[in-house]
Amino acid sequence: IRHIFHKRGGSLGESGCVAWMFDRIGVIEVPRQRYAGSLDDLILAALEAGADDVREEEETYTVVTSPERLREVRDALEAQGVPYDAAELTYQPKSTVELTGDALDQVLDLIEALQAHDDVQEVYANVSAEEASSEAAL
């Protein structure tokens, strides 16, 4: 891992040194095509179950919860017949940094190399760019 960072112009910090830049959240992805109700119905059901927010995205509705309530909200939605593709804990950046050009290319190359490494489970970044692909988990 240290070699990947060094080779791509990055540096590996101490364990947890950037954790303050992210919030740990629970996320439940509800596929829009398989959900028969309206967005308002989902919002009402999610909030009644204890969710914090529901976000409308292109192909999914994303239900956001606190990490402690993820299972409870997922079970309540499932009991109401709400289909979901994923229910997981993740990290959400508190703020993002806009990158373009060579800096963006360098970060995307680093993320791709880290994702390809067998010992890496997840990669989280606080980078935003219109050109960035959603596959890079930005």
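Which residues are buried in helix H3 (residues 70-79)? In this predicted model, they are Leu-70, Val-73 and Leu-77. The three cover an arc of only 75° around the axis, which puts them on the same side of H3. An α-helix has 3.6 residues a turn, so residues three or four places apart point the same way. The other side of H3 carries exposed residues, Arg-71 and Ala-79.

What do the buried residues of H3 pack against? Their partners are strands E1, E3 and E4, together with helix H2. Just after H3 comes Gly-81, with a positive phi of about 80°.

**The sheet**

Four strands form an open sheet in the order E2-E3-E1-E4, and the pairing is antiparallel. E2 (53-56) and E4 are the edge strands, and each pairs on one side only. On average, neighbouring strands are turned by 35° against each other, direction ignored.

Strands of a sheet pair through backbone hydrogen bonds, either parallel or antiparallel. Here E1 and E4 run antiparallel and are joined by eight bridges. Phe-22 stands opposite Pro-93 in E4.

**Helices on the sheet**

H3 packs on the sheet. H2 lies across E1, E2 and E3. The table sets out the strands and directions for each helix.

| Helix | Strands | Direction |
|---|---|---|
| H3 | touches E1, E3 and E4 | about 10° with E1 |
| H2 | lies across E1, E2 and E3 | about 155° to E2 |

Notes
Residues are numbered from 1 along each chain as its sequence is written. This is a predicted model: local features need pLDDT of at least 70, side-chain atom pairs count only at pLDDT 80 or more; totals for chains, interfaces and linings use all residues. Side-chain values use heavy atoms; hydrogens and water are left out. Buried means under 20% relative accessible area, exposed over 50%, partly exposed in between (1.4 Å probe, protein chains only). Helices (H or I, at least four residues) and strands (E, at least two) are DSSP runs, numbered from the N terminus. The arc is that of the directions from the helix axis to the C-beta atoms. Contact means heavy atoms within 4.5 Å. Two strands pair if DSSP finds at least two bridges between them. Axes are lines fitted to C-alpha atoms, for helices over the stretch in contact, and angles run from 0 to 180 degrees between N-to-C directions.
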